[in-house]
Structure formats: C-alpha cells, structure tokens
Number of protein chains: 2
Amino acid sequence: MRIHLKNIVLFQNVDEETIKKIEHFTTEHKVSKENIVFYEGDEPKYLFLLVKGVIKLYKTSSNHKEVVLKYFHDNELIGEVANFEGMPYPATAKAYSDVEVLKIDFEKLKEVIFSNPNLAFNIQTSLIKKIKNLENIISTNLVLDSKERVAKYIYNHADDFFETKNIEIAEILGVSPETLSRILKFFKDHDIINVKKKFIDRDALIQYF
Amino acid sequence: MRIHLKNIVLFQNVDEETIKKIEHFTTEHKVSKENIVFYEGDEPKYLFLLVKGVIKLYKTSSNHKEVVLKYFHDNELIGEVANFEGMPYPATAKAYSDVEVLKIDFEKLKEVIFSNPNLAFNIQTSLIKKIKNLENIISTNLVLDSKERVAKYIYNHADDFFETKNIEIAEILGVSPETLSRILKFFKDHDIINVKKKFIDRDALIQYF
DNA sequence: CTATCGTGTTGATATAAATCAGTAATTGTG
DNA sequence: CACAATTACTGATTTATATCAACACGATAG
C-alpha cells in the first residue's frame, strides 16, 4: 500500500501492530471525478476513509431533485452509520474531484476496535465531529433563510470565497444560482463585499446571521 | 439515588464497580413541564441522560422564530457534543412533559470511559444512533416537501396518530397548523385516512413519500 | 346553561425562493 | 484569434407555504 495508515488522523496513537493488522483488510482506491463511490440502497461492507479529494453525498428525492447532504473532505470517515447499524447506505456518494479512498473491511475492523481503546477513542472523536457537523447543517438549513446562509458562508469561507464558483456555492448552500446571484448583488450594493478588490467586510456580514 | 444506573441502557454490561463510581458524580433531577433544562449558549459541565419524559431541543433564530431540532425520549443522551467539544450548548432544551433526568459530571465521566471498553462501546452506540437520527431529520426536512413529510409521519406513527393533537404534529413536522389541516383534508378526501373510523391506508400513504 | 378557551377548518393574501427565459460576461479550445 | 461553452446576471412568472382573519366545534368552568 502506498498510503500508510499511521499517517492518518484516525489511526493516531494506535500501536504499530494493530495498524499492521488493519492494513491487511484495507485496500486503496482511486476514483476519478464524477464517478460513484457507492449508491443509496447498497449494502455496506466497507468503511470508507477519504484520504484526498472531495466526495459529495446526496439523496435523490422522488421528483428527481438532488439534495446534497454533505461534502466530505480529507480524513473524513464515510458510511460508519450504515456499517454499524447494518442498514443500506441512505445516500449516494460521488467523487466531486479526483479522489483517493481507503476501503476497510468493516466486520474485521469492528473486532479490532474493541480491543484497542485508542482506536475506539479516535472513532468516537470522529463520530462527535460528524454529529457537530450534522447539527450545524440542520441549524443552518432550518433556522437561517437564504440571505443569512449566504452571509454565514462568506463569513466562514472568506479565504477562498472569491476563488469558488458561484454555482458550487449555490449547490453547497442549497439555493438556486439565481437566488445566490441576487443575494450577492445585495451585498455588493451595500459595500459589504467587493469582487474586484477581493474585499469582505466580515463585521458587517455578521449582522446578517 | 432512586434510579439505578445499571437499569439504564447506557450502562448495560458495565461492571458494578464502575457504576458505583459513576453514581458518585451523578445527580437526579425532576424538571416539570415547560421548564428549561439548559439554555443555548450555556457552558456545558454535565451530560444529561433523559430517564423519563420528553425534552424538546430548539433554537431561536434572529427573527425570534423557534425551530425545533429534536424531541428526546427515554434513554437518550443530551449534550454530548457540547461536552466532548467543550463548546457552549448550541440549542435550548426544555421539558416538553414532566421529566426525569440524570446529570453526570462530564469531566469525571470522561476518565471512566477510557478505562472501560464496554462503556465506551455503549457511548459509541448512542452516538451512532444520534447520527442516524440527525441524518433522518436532514433527509426528511431537506428532501421532502410538506405533504411528503406528513405522509411519512402518519406512516411511521400509525399507532398513535389519532391520539396526537394536530398542533403538536405540526410543530414536530415544522409546518403551520393550517398547512397540516389542508394536507390532512387532502388525505381524507382521497380516502387514505379516516378519522372517524381511525383508518389509515398505509400502502396508499407510502406512494406519497 | 352559557361563556370561554383550545383546537381545527377554510379562504384570502403575503412572501421567499424556484423556475423560466433571455442576455451578458468570462473562460476554454480548435 | 475566433468561436463555443460555461458561468453569471436580471426580469417575469410560478409555486409552496406562512400568515392573517374569520368562524365552527367541543370541552370545561363559572
């Protein structure tokens, strides 16, 4: 294997021997952009660990509307609920960029987890992080309206906001590109952002959410 | 203490000695209906375990609109993210009925967790359950429209649907009572539900979500 | 027994955001 | 460079749902 598990956050502080064991039932995969990692409804067998790239997790509703649940980034664990609960994946995962993932045989990993407190601790930390993330999605999407969500997004992504395409931001925020464009016009008109000067008035933005 | 921890799901398979230790920093509280368990923004110090009753967790948005994030029921753990992450509670918890809770000193519990694999496992299970729940909220609220949400609710609560007040259902589903009333009218008109006969055509309902 | 309160219903109106449609600007490519 | 493709902008329309308002019904209290 090209990737060493010991360099991965999830396996920090886990002893060499345990890591070697895990490496035996872990495989490395590259998935190129736009390809599917797993489908909604698939039976889980592997836990996925995203090493590099971005994976988009989404559901397709009855009326064929795609709703993005989450974008995964480096070092995130994907599919642990389905695996722990033995239920089919509740959503589809697609490579949003060229991606490197580790596929870990879940049944085998499970045995190792309970004999290794450090690994159990790391998994726990990862779960907590995920809960925090989900709670954040819920409060962002249910409590804030579009303008507030945009304000919050710009505030939190001031560093790469001007480098991200509006259609991507719109998708992440779950608003239409037209609506985003109108909201951005509002912030431009109020001198809160300035695209030419790459200026963001964060103090002013914070008022909007 | 009136309640014995060993009878609580979270402490199943945990040895007597550990339980005794935990009981030393656990206190029992009754909170009557409509009283606050903790406020959004409070610094967490205790982990709450809901023994009996229903707790409503909600956020108040800038425009004073109350958004219900979740109703907690028996045996659910409340506030573990805030505690693990050392961040203020992100929402307010209010007793939705008369309630019995255990307050567990988190810092002390933390020490015990890592020396006790069974407890760590139980906590992990509880976290997974919570993730599943949150993912369900997200897919229900972001993917489904009002009629679909109502259909899903009736389908999943066929046993107590006719005994629950519409204003409560409306709050749980995050729709206005008027909208719920109109949707129910639709299902009545289509002979999918019949209030008098307490009849629910679950097969027909499933088509709507 | 009537008055009041909580709940549910129904119609009219308001509102946020999506969708549709056309055009402009920017980026990529032969 | 010139043309195509993608992305962004803007106005008009539609849609889902909330809000407002009025009223009906049943249960409980005085």
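Okay, let's start with one pair of residues: A:Leu57 has A:Lys70 as its bridge partner, and A:Lys70 sits in strand S5 of chain A. Before I go on, a word on the model: it is predicted, so local features need pLDDT of at least 70 and side-chain atom pairs count only at pLDDT 80 or more, while totals for chains, interfaces and linings use all residues. Residues are numbered from 1 along each chain as its sequence is written, chains are lettered from A and ligands numbered from 1 in the order in which they are written, and side-chain values use heavy atoms, with hydrogens and water left out.

Back to that pair. S4 (residues 55–60) and S5 of chain A run antiparallel, with 6 bridges joining them. When I say strand or helix, I mean a DSSP run, numbered from the N terminus: H or I with at least four residues for helices, E with at least two for strands. Two strands pair if DSSP finds at least two bridges between them. Buried means under 20% relative accessible area, exposed means over 50%, and partly exposed is in between, using a 1.4 Å probe and protein chains only.

On to the sheets. In chain A, 4 strands make an open, antiparallel sheet in the order S1-S8-S3-S6. S1 (26–31) and S6 (77–78) of chain A are at the edges with a single partner strand each, so one side of each has no neighbour in the sheet. S3 (residues 46–52) of chain A connects to S6 of chain A through 2 bridges, and there A:Leu49 has A:Leu77 as its bridge partner. Chain B also has an open antiparallel sheet of 4 strands, ordered S1-S8-S3-S6. There, 6 bridges join S1 to S8 (residues 99–105) of chain B, and B:Val31 stands opposite B:Val99.

What about the inside? The largest nonpolar core has 92 residues, and A:Phe11 and B:Phe11 touch the most other members. A nonpolar core here is a set of buried Ala, Val, Leu, Ile, Met, Phe, Trp, Tyr and Cys residues joined through side-chain atoms within 4.5 Å. There's also a second, separate core of 19 residues, with A:Val175, A:Leu184, A:Ile192 and A:Ile200 among them.

A:Asn122 is buried, at 10% relative accessible area. Leaving out neighbours within four places in sequence, A:Asn122 is in contact (heavy atoms within 4.5 Å) with A:Val9, A:Leu10, A:Phe11, A:Gln12 and A:Val14.

Last, the DNA. Sorted by class, the surface has 2 nonpolar, 6 polar and 8 charged residues; Ala, Val, Leu, Ile, Met, Phe, Trp, Tyr, Cys and Pro count as nonpolar, Asp, Glu, Lys and Arg as charged, and the others, Gly among them, as polar.

For individual atoms, a side-chain N or O atom of A:Thr179 is 2.6 Å from a phosphate oxygen of DNA strand C, and for A:Ser176 the distance to a phosphate oxygen is 3.1 Å.

Key. Polar contact = N/O pair within 3.5 Å; in protein donor to acceptor, adjacent residues only side chain to side chain.
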